[in-house]
Amino acid sequence: MRYAFLDEEAKKEIRRAILKAIAIPGYIVSFASREMPVARGWGTGGLQVTLSLINEKDILKVIDQGCDGSVNAVNIRNFINSVTNVETTTSTKEATIIQTRHRVPELELNENQTLVFQVPMPDILETVEPNTAKAKIMHANADYSKLWVLLYEDTSLYGDSRISNRYPVIVNKRYAMDPSPIPKYDTLKLNNCKALQLFGAGREKKIYAIPPYTKVKPLKFEDREFNIENFEGKVCEKCGSSNSFIDEVYDDEGKVHYYCNDTDFCDCNLKEGEE
């Protein structure tokens with residue numbers, strides 16, 4: 001069997017697309033998305049990016065909405081391990097490649113790490129311009145007036161944007177980019193991140209990137225603050241953290257419980273408490 005499932009020509013082609021994406025931060029690059037042993041829409045873009053980069057020395061972590069133990073995360077991690085034999089981990093600190101769906105880890109990433117996002121819809125302009133040809137021209141001209149109008153309408157009607165995830169960002173003062181369906185809480189973590197951030201959309205055949213230490217700003221009017229999810233007064237019942245993204249869980253009696261969304265962050269807090 002070939003190392004890392006993909007043939008060498010496929011990996012070269014994906015790496016060339018990644019290099020172009022890194023050279024032009026936020027720019028969407030097309031690539032020839034291959035058939036994978038999971039259905040498109042289930043992480044095939046992130047999977048192909050990871051498989052084209054991974055080598056024997058890497059340590060892999062896969063999370064789905066902050067959790068290492070979800071079905072999607074476990075199956076992707078087991079598949080990559082079966083075709084590469086690389087070491088896997090649930091520790092954010094130990095991992096060199098982290099493939100993620102819909103979250104950025106709570107712990108700050110470092111320069112030796114690569115964060116690979118699974119992306120369902122790669123172009124942020126899709127929300128305001130369904131014609132892809134026109135959207136390309138708008139990107140070329142940095143014409144994001146329709147996004148600004150959307151923000152203006154929300155702000156004038158509701159006082160703030162109604163966008164809860166996939167919040168549009170401007171990368172390196174040039175391209176408007178879809179940060180994938182991460183919550184607004186994670187949007188600010190993209191800015192000046194030490195790790196390389198890669199975004200793969202298998203169904204849409206697109207790759208884009210944010211190189212380390214790149215300026216990323218949420219699209220926002222100058223006189224308006226960028227508001228994130230508010231967890232004031234909510235504490236994780238497992239580790240006691242009050243400074244993480246919190247999940248709301250209802251038990252059989254309808255009682256609400258709060259837990260850290262990032263399971264590794266929660267486990268690390270518990271370990272520190274025991275020591």
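User: Before we go on, what should I know about the model and its numbering?

Analyst: This is a predicted model, in which local features need pLDDT of at least 70 and side-chain atom pairs count only at pLDDT 80 or more, while totals for chains, interfaces and linings use all residues. Residues are numbered from 1 along each chain as its sequence is written, and side-chain values use heavy atoms, with hydrogens and water left out.

User: How do I describe the protein as a whole, and what radius of gyration does the protein have?

Analyst: The radius of gyration is taken over C-alpha atoms, and the globule rule is 2.2 Å times the number of residues to the power 0.38. For 275 residues a compact globule would have a value near 19 Å, and the protein, with 19 Å, agrees with this. Its C-alpha trace spans about 55 × 50 × 35 Å along the principal axes, and its secondary structure comes to seven helices and twelve strands. Of the 275 residues, 50% are buried.

User: Which residues have the most contacts inside the largest nonpolar core?

Analyst: In soluble globular proteins, nonpolar side chains tend to be buried together. A nonpolar core is a set of buried Ala, Val, Leu, Ile, Met, Phe, Trp, Tyr and Cys residues joined through side-chain atoms within 4.5 Å. Here the largest one has 28 residues, and those with the most contacts inside it are L47, L51, I54, L60, F79, I80 and I207. At least two residues of this core come from each of α1 (8–23), α2, β2 (59–64), α3 (71–84), β8 (196–201) and β9 (206–210). Another core, of 21 residues, lies apart from it and includes V104, L109, A201 and V216.

User: How many residues of helix α2 are buried?

Analyst: Helix α2 (residues 44–53) is mostly covered, since nine of its ten residues are buried. Among them are L47, V49 and L51, but also T44, Q48 and S52.

User: How do I read contacts, and what does I207 touch?

Analyst: Contact means heavy atoms within 4.5 Å. Leaving aside neighbours within four places in sequence, I207 is in contact with residues including I14, I18, V29, V49 and F199.

User: Which residues does D186 touch, and is D186 buried or exposed?

Analyst: D186 is found in helix α6, residues 184–187, and counts as buried because its relative accessibility is 0%. Residues up to four places away in sequence aside, D186 touches H102, R103 and V104. A polar contact is a pair of N or O atoms within 3.5 Å; within protein, one must be able to donate a hydrogen and the other to accept it, and residues adjacent in sequence count only if both atoms are side-chain atoms. Such a contact, of 2.6 Å, joins the side chains of D186 and R103. H102 is found in the loop between β4 (97–101) and β5 (114–118), and H102 is buried, with a relative accessible area of 16%.

User: How many aromatic pairs does a search of the whole structure find?

Analyst: Rings of Phe, Tyr and Trp (its six-membered ring) pair if their centres lie within 6.5 Å; planes under 30 degrees apart count as stacked, over 60 as edge-to-face and the rest as tilted. The search finds nine such pairs. F199 and Y208 form a stacked pair, 4.8 Å centre to centre with 5° between the planes, whereas F231 and F245 form an edge-to-face pair, 5.1 Å centre to centre with 80° between the planes. Both F231 and F245 lie in the loop between β10 (216–218) and β11 (246–250), so the pair ties together parts that are 14 residues apart in sequence.

Technical notes:
Buried < 20%, exposed > 50% of the residue type's maximum accessible area, 1.4 Å probe, protein only. Helix = DSSP H or I, 4+ residues; strand = E, 2+ residues; numbered from the N terminus.
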